[in-house]
Amino acid sequence: KPATPSSLFDSIMLALHRETALVKVPHVTPAELSRQFSGRRVLLVEDNEVNRELAHEMLSNIGLSVDVAENGLQAVEAIQQTPYDLVLMDCQMPVMDGFEATTQIRRWEMANGQPRLPIVALTAGAFEEDRQNCLAAGMDDFLTKPINMADLSATISRLLGKQTL
């Protein structure tokens, strides 16, 4: 199928930085992370199969239960049916992008009296403008691709640490 600029960039970055994405968190063992995140459920929203598999493996390795959606529409539907502790949301996807999906999730939360679900943007854009666009759309944090284990676990720890079990 034709490659989109976003998926092509994601694939190139993944190929060039694959070893960086697999770096373990310094001073924290996978067992410690697994205990910290045990029982927590995450929705991973990513259209690129390679990125999805890598992120799924990273999340599973630190003890999170992971569900997957391939676009924003699937994410909105999943969130309305299943309670999640956190969402990792790709920004550029077909059908419905991460910005629109986040907007719809925030509207649904308000209309149904739901607590605010932490949503972390996953994007190849690394500029401050990209970060501001994500926050303006209602996302709570921002990770650049290719994601690495240290940044991923630090972000999840910070956001899930605010929640009670």
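Okay, hi everyone. Before we start: what we're looking at is a predicted model, where local features need a pLDDT of at least 70, side-chain atom pairs count only at pLDDT 80 or more, and totals for chains, interfaces and linings use all residues. Residues are numbered from 1 along each chain as its sequence is written, and side-chain values use heavy atoms, with hydrogens and water left out.

So, pLDDT is the predictor's confidence in each residue, on a scale from 0 to 100. The mean for this protein chain is 83, and 78% of its residues reach 70 or more. Residues 18–26 have a pLDDT below 50, and beyond near neighbours in sequence that stretch has 16 contacts in the model. Contact here means heavy atoms within 4.5 Å.

Let's go to the sheet. When I say helix or strand, I mean a DSSP run, H or I with at least four residues for helices and E with at least two for strands, numbered from the N terminus. Two strands pair if DSSP finds at least two bridges between them. In general, strands of a sheet pair through backbone hydrogen bonds, either parallel or antiparallel.

In what order do the five strands of the open sheet come? They go β2-β1-β3-β4-β5, and the pairing is parallel. β2 (65–69) and β5 stand at the edges with a single partner strand each, so one side of each has no neighbour in the sheet. On average, neighbouring strands are turned by 20° against each other, ignoring direction. For angles, axes are lines fitted to C-alpha atoms, for helices over the stretch in contact, and the angles run from 0 to 180 degrees between N-to-C directions.

Now find β3. Strand β1 (residues 41–45) pairs with β3 in the parallel sense over four bridges, and V45 has M89 in β3 as its bridge partner. β3 also pairs with β4, again parallel and over four bridges, and there D90 stands opposite L122 in β4.

Why is β3 largely enclosed by the rest of the structure? Because five of its five residues are buried. Buried means under 20% relative accessible area, exposed means over 50%, and partly exposed is in between, using a 1.4 Å probe and protein chains only. L86, L88 and D90 point one way from β3, V87 and M89 point the other way, and all are buried.

Moving along, β4 and β5 pair in the parallel sense over four bridges, with A121 opposite F142 in β5. Then there's helix α7, which lies across β3, β4 and β5 and runs at about 170° to β5.

Next up, salt bridges. Side chains of opposite charge can pair when their charged atoms come close. The rule here is a side-chain nitrogen of Lys or Arg within 4 Å of a carboxyl oxygen of Asp or Glu. How many salt bridges does that give? The count is nine.

K145 bridges to D90, with the closest N and O atoms 2.8 Å apart. That one links distant parts of the chain: K145 is in the loop between β5 (141–144) and α7 (149–160), D90 is in strand β3 (residues 86–90), and they're 55 residues apart. K145 counts as buried at 10% relative accessibility, and D90 is buried too, at 2%.

Number two is R116 with D140, at 2.9 Å between the closest N and O atoms. R116 is in the loop between α5 (98–111) and β4 (119–123), and D140 is in the loop between α6 (128–136) and β5, so the pair ties together parts 24 residues apart in sequence. D140 is partly exposed, at 27%.

D141 sits in strand β5 and R158 in helix α7, 17 residues apart. D141 is buried at 7%, while R158 is partly exposed at 43%. And there's a network as well: salt bridges that share partners join R106, E109, R116 and D140.

Last thing, cysteines. A disulfide is a covalent bond between the sulfur atoms of two cysteines, and the cut-off used here is a pair of cysteine sulfur atoms within 2.5 Å. By that rule there are zero disulfides. For C91, the nearest cysteine sulfur is that of C134, 3.7 Å away, which is too far for a bond. Are they buried or exposed? C91 is buried at 1%, and C134 is buried at 1%.
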